[in-house]
Amino acid sequence: MRFKTPINITDYSSLQFSPHITILLANYARGKKNFLSNNGRRGDTSGLLGEYVWDEDEDRSGGEKVKYDCREQDLWNKGSLLLEMNPIHKKIPVLIHNGKPVCESLIQVEYIDETWPGENPLLPSDPYQRAHAKFWADFIDKKVNVTARRIWATKGEEKEASKELIEIFKMLESELGDKHYFGGETFGYVDIALIGFHSWFGVYNKFGNMSIESECPTLTAWTKRCLHRESVTKTLPKSEKVTTFISQQQQMADEVILLDYWPSAFGMRTRIALEEKDIKFDHREQDLFNKSQILLEMNPVHKKIPVLIHNGKPVCESLIQVEYIDETWPGGNSLLPSDPYQRAQAKFWGDFIDKKVSGPTWVLWGGKGEEQEAGKKEFIEVLKTLETELGDKTYFGGETFGYVDIALIGFYCWFDAYEKFANFSIEAECPKVIAWAKRCLKRESVAKSLPDSDKITKYVPELKKRLVILLDYWPSMFGMGTTKIALAEKGVAYEYKETDPRAKTSLLIETNPIHKKIPVLIHKGKQICEPLIQLEYIDEVWSDTYPILPSDTYQKAQARFWGDFIDKKFYDPSWKVWGTTGEEQVTAKKELLEHFKTLETELGDKTYYGGDVFGFVDIALMGYYSWFKAIEKFGEFSIEAEFPKLTQWTKRCLERESVVMSIADSDKIVEYAYVLRRKLGAE
């Protein structure tokens, strides 16, 4: 359902917020609590909030307590809330107060100090001292993390980075001097900016082969004083825990991950190459119709599989991955020839397969008629060209299984599906290609990587269905009133994905980045937004079945006019009748009744709005039918009594299977309207 009224963060996140409840988005790494964030620290922000709530060193009488909800985040699979609240950097921590995000940890510390002034100011009131504190916090922000990270995350730079970090710490020691804290006797802004790194000192000592305590005793004594504060001890993880975690990460440094989808002929290339090299890898199955955050992050350009991740770095495009695997692990079976000319030839034929084979294949199982016949002819021509290149050789590279074989063999497990749905025989047309494929299947790397042909063939009907996806929400009059009915009228199979528009999913945001609304129709990976536009698209693409728009240009224009009238005029007064009270509801009811009267006049004595043919205008309006009962109940009027002709029209529409199977139950809508009224404050 499209909500045009303001909806607060309570509705968005399904949580109840009081004016002083604040959300802090902290960090998860690979499903484990990530005590790694020095900026979230569970950290300078969450520690600061703890300072307000938990400081036992101060008299808290009369002080304001700040309650907050700390939500751990997985930075490998970023949540939609994080992406929406910090769309620029997509980083933690994010502080959300009264539904508004505040990003960047030091800015958050200032915001908290100004919003809850309390008795323990974190920044000094004197302008010069305030500026001085900001300078040193900025110094920490820019210098410490970047340098320190090089100690454990970058091979070969440990020694130099350790030296630089000690120099930075010594500069901070000079600034600290003999003071209790950086601000004197008061724990404050600069202390908060730096103390989170204390949990990492064990990591720096271990991987940098140094002792911070020996090199910087004054700084070490300062950390111990900070750790006496309950706000700090409650917030910082144990140093040993961080060190253990990073040590485990170092051991996994040569980790190989493959983001893949089991029927993908392209993913099979990478799997075979890894098997040929005897490389162990973590195979992570992806849902291409609901792309994971790690896929979007690792392949932000194409957002496609396969993605090979080695040492945390992504390599995209399957043939590039095959080359990368061959060069990174040169031992074992060479996949590309060493001779420059033969290597160039192999790359040429790999590129030919990449561009020519996959193009027509989807038409073989997903197309029909002339389109399918043309695709079949093109596919056979491509295979005959490859058969000529293969000749009498065992493999494309001669006696050696390699690059070109890997590029092509994944398509073989699809051959049965091509033959079944396009009604032809590949073996009869290209016997040498089939004989070559059977030789390839004797290799363990191929046999382990290719799925069974029968499994692919059984999967195709489901895939056909997934060529069309509808993101919708069950009570939405737009999805059920237009898109669902239209698809049913056309007999189009589709995959339905329930999508609550309040808890915006990554798929919804990706496919409708402008409005972020449902319904979204996805056809062959391309999104079509806005319900009436979807209605016309469905009518044009599946034009060989029941027509939705009339062929006459004037009648078509008239149908579009009334569809647009319904789209622009009905939504606002409809929801205000069931979602508001008082004068606003009375005004909305009057407006809605006028619109019903206008539409009844246009309907006249016709069976449907298009005459005897159920079509565009009927579909546009019929989605509202499920809401009629809620509108009548809360608006205290009877549509049947006021508009008998319109009521008769709805009964005729309900005789159509496409309508009955698409619209929601009216009683269920009434129950849902009660829930929304409470959220909107109308109850």
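Threonine 483 touches Leu470, Phe478, Pro519, Leu521, Gln534 and Ile538, leaving aside residues up to four places away in sequence; contact here means heavy atoms within 4.5 Å. The threonine sits in helix α25, which covers residues 477-490. Helices (H or I, at least four residues) and strands (E, at least two) are DSSP runs, numbered from the N terminus. With a relative accessibility of 0%, threonine 483 counts as buried, the classes being buried under 20% relative accessible area, exposed over 50% and partly exposed in between, with a 1.4 Å probe and protein chains only.

All of this comes from a predicted model, in which local features need pLDDT of at least 70 and side-chain atom pairs count only at pLDDT 80 or more, while totals for chains, interfaces and linings use all residues. Residues are numbered from 1 along each chain as its sequence is written, and side-chain values use heavy atoms, with hydrogens and water left out.

Not counting residues up to four places away in sequence, proline 101 touches Met85, Val94, Leu95 and Ile96. Glutamate 84 lies 17 residues from proline 101 in sequence, and the two C-alpha atoms are 9.3 Å apart in space.

On to a helix pair. Two packed helices are described by the angle between their axes and the distance between the axes. Helix α29 (residues 571-579) and helix α30 (residues 582-603) have axes that come within 8 Å and cross at roughly 135°; axes are lines fitted to C-alpha atoms, for helices over the stretch in contact, and angles run from 0 to 180 degrees between N-to-C directions. That makes α29 oblique to α30, since angles under 35 degrees count as roughly parallel, over 145 as roughly antiparallel, 65 to 115 as roughly perpendicular and the rest as oblique. From α29, Pro573, Ser574, Lys576 and Val577 meet a set of α30 residues that includes Glu584, Ala588, Leu592 and His595. The residues of this contact divide into four nonpolar, three polar and four charged (Ala, Val, Leu, Ile, Met, Phe, Trp, Tyr, Cys and Pro are nonpolar, Asp, Glu, Lys and Arg charged, and the others, Gly among them, polar).

As for the whole protein, there are 36 helices and 14 strands. Of its 683 residues, 52% count as buried. Among contacts between residues at least 6 apart in sequence, 72% join residues at least 24 apart.
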